[in-house]
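The points below are grouped by topic.

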Amino acid sequence: MTLPIYCADDWLMIRSLDPDQVAGLAQAAQQQGWEDIVPGLDSLSLSWNPVERSLQAARDAAEVLLTEATNAPRNGTLPPVTLHICYDSNWAHDAEIVAELLGIPTDALPQWHAAQDWCVAMLGFQPGFGYLVCNAAIPDIPRLSDPRTHVAAGSVGLLGQICGLYPHAGPGGWPIIGRIAETLFDPHAASPALLTPGQKVRFERVDGATLSRLAGDAA
């Protein structure tokens, strides 16, 4: 696998990866003793202790990682997760805008969104915020020109081929098409983040009453 590796004093980045490659390399890197492993949308960043490993040794280890990961299983070991989503208008604030950009009727948006094969590319922005990608040819969907000061926890946004899941309430500029019932980040849990890079995600449509029941007081 020949891919660009960019190196700094104690960090390097492997670029031009697809989501499955990011997930596979991140899993393989866990066996190499890196200080930090940070998946990105199309990259993997690795850090090391410069006292224990030189820059050249780190680059050599990354080259070995790329070679060994070429034929390694990628995200097949990660169990898929089902997220229960409500597309009702009180949660899908920007459904009409998104549907128009996609060239489909607004009432067809839920079926379209749930039918895509979504995969977690990375976590970021907020603790547990999931960036999901799919392979469908999706036109550009821009951020809102006037971002909201408050987006509810569990809100689902769409920017073209990237679907964003808000774990916490707060400001945000993504067009919102629904809300999920699941808690995406629990700091008291053994594994605080519900999602893992490389994991497949399935959306299951529910009505507002079911969302309230599943989400509890959060609804």
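Two strands are said to pair if DSSP finds at least two bridges between them. In this predicted model, strand 10 (residues 162-165) meets that condition with strand 9, to which 4 bridges join it in an antiparallel arrangement. Strand 9 spans residues 155-159.

**Pairing of strand 9**
- Within the pairing to strand 10, Leu158 has Cys163 as its bridge partner.
- The hairpin of strand 9 and strand 10 has 2 residues between the strands, and Gly160 in this hairpin adopts a positive phi near 60°.
- Strand 9 also pairs with strand 12 (residues 176-180), in the antiparallel sense and over 3 bridges.
- Ile176 of strand 12 is the bridge partner of Gly157.

**Nonpolar cores**
- The largest nonpolar core has 26 residues, of which Leu132, Leu165, Val201 and Phe203 touch the most other members.
- Elements that each supply at least two residues of this core include strand 9, strand 10, strand 12, strand 13 (200-205) and helix 3 (95-102).
- Leu165 touches residues including Ser155, Val156, Leu83, Leu132 and Phe203, with residues up to four places away in sequence not counted.
- Another core, of 17 residues, lies apart from the largest one, and its members include Ile5, Leu17, Ala26 and Ala61.

Notes
Residues numbered from 1 in each chain as written. Predicted model: local features only at pLDDT ≥ 70, side-chain atom pairs only at ≥ 80, totals over all residues. Heavy atoms only, no water. Buried < 20%, exposed > 50% of the residue type's maximum accessible area, 1.4 Å probe, protein only. Core = buried A, V, L, I, M, F, W, Y, C linked by side-chain atoms within 4.5 Å. Contact = heavy atoms within 4.5 Å.
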